Amino acid sequence: MDQAFDNDQAITRASLYGTAAEPTYAGITSFMRRRYSRDLTGVDLAISGVPFDTATSNRPGSRFGPRAIRAASTQSAWGAAFSLGVRSLRPARLRRLRRLPFRPRHAAGHPGADRGARHAHSRSRQRAADPGRRPLHQLSAAQGACEKHGTLALIHFDAHSDTWPDEEGKRIDHGTMFYHAARGGLVDPARSVQVGLRTTNDNVMGFQVLDAREVHRSIPEQIAERIRARVGEHPVYLTFDIDCLDPAFAPGTGTPVCGGLCSHQALEILRGLRGINLVGMDVVEVAPPYDNAEVTALAGATLAMEMICLYAARHKLGERT
């Protein structure tokens with residue numbers, strides 16, 4: 001007789017803890033087979049997708065990214081994460097939030113949308129944050145994070161700086177948010193670092209830049225140590241634009257740039273950040289229409305899981321019994 005599985009755990013599972021086997025090829029998908037809910041009672045970490053790409057400047061399609069990442073995550077949902085020695089999905093209480101609502105014609109969201117999604121710009125994301133904290137990429141949400149933690153440090157993995165100037169304050173897209181975040185005091189450039197950049201923007205606005213060539217000349221542990229030295233104990237928001245990876249490892253993105261990081265480099269750098277004061281994180285710009293064999297979605301899901309492990313390590317979620 002075939003082994004019996006508890007299926008459709010995205011809606012049927014009762015516990016916030018642990019992992020369980022379910023066929024990867026069938027059933028209702030949620031990130032790591034977590035239950036869909038908007039109830040944050042007793043939750044350590046909430047995970048939500050933002051399907052939005054209206055203000056993209058190049059190839060659209062990342063609105064389909066959260067769904068693709070959720071589907072890819074089922075490949076890893078059967079057991080403990082292979083990362084940091086933290087069995088983060090067993091002791092941590094995670095819940096998958098229902099997606100945030102958007103009207104596709106309104107770049108700034110709409111009155112019914114969650115405040116943390118009002119300025120999502122072009123970047124669909126799978127995001128994770130403490131239930132009492134809001135993600136940073138949305139500028140209105142950064143204000144809420146600052147109210148709780150003060151000015152934030154930023155660790156930004158990307159091929160692009162996303163600090164293109166907007167003196168008039170009218171440009172709202174995926175290339176300006178860190179310009180506004182720095183100018184508005186939401187992030188402290190002196191405590192922030194951008195990793196993997198390989199496009200030209202002469203005004204770094206005070207951010208430390210570890211470009212792709214520098215990453216390739218170093219070992220991951222060296223890059224991680226420089227990042228840790230930069231952010232110190234400051235509250236950190238961690239964002240990973242999937243185009244930080246070379247198109248060989250992540251073809252499914254809107255603005256691919258050759259010469260990027262390989263998957264191994266990115267994962268080992270993240271693992272080297274254990275102990276940072278992480279308060280929120282996201283993965284952005286996964287665009288399934290340009291993907292091949294779902295490799296970009298799998299990379300996005302794996303990176304998101306690594307970030308959850310970092311959060312679990314910092315907050316000692318892996319030490320619970």
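Student: Let's start with contacts. Among contacts in the chain between residues at least 6 apart in sequence, what percentage join residues at least 24 apart?

Tutor: Before the answer, keep in mind that this is a predicted model. The figure is 72% of those contacts. As for the overall make-up, the chain has eight helices and nine strands, and 57% of its 321 residues count as buried.

Student: Which residues of helix α2 are buried?

Tutor: In α2, which covers residues 65–73, the buried ones are G65, P66, A68, I69, R70, A72 and S73. That is seven of the nine residues in the helix, so α2 is largely enclosed by the rest of the structure.

Student: Now helix packing. How are two packed helices described?

Tutor: You give the angle between their axes and the distance between the axes. Take α7 (residues 263–271) and α8 (residues 295–314): they pack at about 10°, and their axes are 10 Å apart. That angle makes α7 roughly parallel to α8, because angles under 35 degrees count that way.

Student: Which residues make that contact?

Tutor: From α7 you have A266, L267, L270 and R271, and from α8 you have T302, L303, E306 and L310. Sorted by class, the contact of α7 with α8 has five nonpolar, one polar and two charged residues.

Student: What else do the buried residues of α7 pack against?

Tutor: Besides α8, they pack against β5, α5 (212–217), α6 (220–231) and β8. The buried residues in question are Q265, A266, L267, I269 and L270.

Student: Where does N277 sit, and is N277 buried or exposed?

Tutor: You'll find N277 in the loop between α7 and β9 (278–284). Its relative accessible area is 15%, so N277 counts as buried, given that the cut-off is under 20%. Leaving aside residues up to four places away in sequence, N277 touches E233, H234, P235, V236 and R314.

Student: On to aromatic pairs. How many does the structure hold?

Tutor: There's one. The ring centres of F157 and F240 are 4.9 Å apart and the planes are at 20°, so the pair is stacked. The pair also links distant parts of the chain, since F157 is in strand β5 (residues 153–157) and F240 is in strand β8 (residues 236–241), 83 residues apart. Both F157 and F240 are buried.

Student: What about L210, buried or exposed?

Tutor: Buried, with a relative accessible area of 0%. L210 lies in strand β7 (residues 208–210). Not counting residues up to four places away in sequence, L210 touches V193, Q194, V195, G196, L197, V215, I223, R226 and I227.

Student: Last topic, cysteines. What is a disulfide, and how many does a search of the whole structure find?

Tutor: In general, a disulfide is a covalent bond between the sulfur atoms of two cysteines. Here, the search of the whole structure finds zero.

Student: And C258 and C262: is C258 buried or exposed, and is C262 buried or exposed?

Tutor: C258 is exposed, with a relative accessible area of 65%, whereas C262 is buried at 18%.

Conventions:
Residues numbered from 1 in each chain as written. Predicted model: local features only at pLDDT ≥ 70, side-chain atom pairs only at ≥ 80, totals over all residues. Heavy atoms only, no water. Axes fitted to C-alpha atoms, helices over the stretch in contact; angles between N-to-C directions. Helix = DSSP H or I, 4+ residues; strand = E, 2+ residues; numbered from the N terminus. Parallel < 35°, antiparallel > 145°, perpendicular 65-115°, else oblique. Contact = heavy atoms within 4.5 Å. Nonpolar A, V, L, I, M, F, W, Y, C, P; charged D, E, K, R; others polar. Buried < 20%, exposed > 50% of the residue type's maximum accessible area, 1.4 Å probe, protein only. Disulfide = S-S within 2.5 Å. Phe/Tyr/Trp six-rings, centres within 6.5 Å; stacked < 30°, edge-to-face > 60°.
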